[in-house]
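Good morning. I will walk through one chain today, from the whole down to a few residues. Please have a look at it first.

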Amino acid sequence: MIAFGLSDAIKLRKKERRNPIIAEIKVYSPKYGDLLRGRDPIKILRAYESAGAVGISYITEPKYFRGNFKLFRRICKETDLPVLRKDFITSKDEIEKTAEAEASAVLIITRILKDKTAEFVDFTLEHGLDPLVEVHSEEDLRIAIETNSTMIGINNRDIARLEKDEGNVSLTKKLAPFIPNEFVKVSESGISGLEDLKIALRYADAALVGTAFMRAKDPERIVREFVEAKVC
């Protein structure tokens, strides 16, 4: 059983004065190619757990990121950490499917759902999931803050370009100050090292990192460095 939803786990971690790091098991990147490199994703999950990640993220989108819902379901079963499903959600059936997999949270992308975002957020909450409402612009943010979401995520990379751009944490620095404190703020993507992390966590409550961890020779070591880094 999951003791806390993702948003509550982030709040608790902050009280413990450790960095809330959502570690992503990302098997493929349109920019960098194969990130799994023959490794067992469950072993990577164990490394993330041992390193002190606050939650786990997994991309289920099959075409561009080569995600696998069967693996996602297994990850949810294998860990007590909150698990976030990332995908281009456009159907409420997919939210129900996510809840049935016993996940903790689901990504809701404002750029895709636009004026349906609030409706999808409410449906997500009704199914016991934390919505992470993703924004990439001021227009997205105006929509997101009118929802009942628990969390708002700032994607530092551009999903319209399948994250092939050179995203950096400057977008978090720009948008996060306009997010009301009632929302847990998450800086997503574009965080390649500790300097990026320090900037991100100066403005956001948590950081979601995938590519940097998956490209590392020792994922457990780098995640632990991120969790334990002094950011203030």
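**The chain as a whole**

The accessible surface of the chain comes to about 10,700 Å², an area from the Shrake-Rupley method with a 1.4 Å probe, where for residues only the protein chains shown count as cover. Carbon and sulfur atoms hold 47% of that surface.

Before going on, a word on the source: this is a predicted model, in which local features need pLDDT of at least 70, side-chain atom pairs count only at pLDDT 80 or more, and totals for chains, interfaces and linings use all residues. Residues are numbered from 1 along each chain as its sequence is written, and side-chain values use heavy atoms, with hydrogens and water left out.

The chain has 11 helices and 10 strands. These are DSSP runs, numbered from the N terminus: helices are H or I with at least four residues, strands are E with at least two. Along the principal axes, the C-alpha atoms fill a box of roughly 40 × 40 × 35 Å.

How many of the residues count as buried? The figure is 57% of the 232. Buried means under 20% relative accessible area, exposed means over 50%, and partly exposed is in between, with a 1.4 Å probe and protein chains only.

Now contacts, meaning heavy atoms within 4.5 Å. Of the contacts with a separation of 6 or more, 64% are between residues 24 or more positions apart.

Start with F226, which lies in helix α11, residues 219-228. F226 is buried, at a relative accessible area of 1%. Leaving out residues up to four places away in sequence, F226 touches several others, including N19, I21, L194 and F213. From F226 to A206 is 20 residues in sequence and 11 Å in space, C-alpha to C-alpha.

F123 belongs to helix α6, residues 117-126, and is buried with a relative accessible area of 15%. Neighbours within four places aside, F123 is in contact with K92, I95 and E96. E96 is 27 residues from F123 along the chain, and their C-alpha atoms are 9.0 Å apart.

N156 sits in a loop, between β8 (151-155) and α8 (170-175). Is N156 buried or exposed? N156 is buried, with a relative accessible area of 4%. Its side chain makes a polar contact of 2.8 Å with the side chain of T172, and another, of 3.0 Å, with that of S187. A polar contact is a pair of N or O atoms within 3.5 Å; within protein, one must be able to donate a hydrogen and the other to accept it, and residues adjacent in sequence count only if both atoms are side-chain atoms.

**Helix α4 and two positive phi values**

S91 caps the N-terminal end of helix α4, residues 92-100, with a side-chain oxygen 3.0 Å from the backbone nitrogen of D93. Just after α4 comes E102, with a positive phi of about 65°. E102 is in the loop between α4 and β6 (105-109) and is partly exposed, at 46% relative accessible area.

R17 is not a glycine either, yet has a positive phi of about 60°. R17 lies in the loop between α1 (6-15) and β1 (21-25), and is exposed, with a relative accessible area of 79%.
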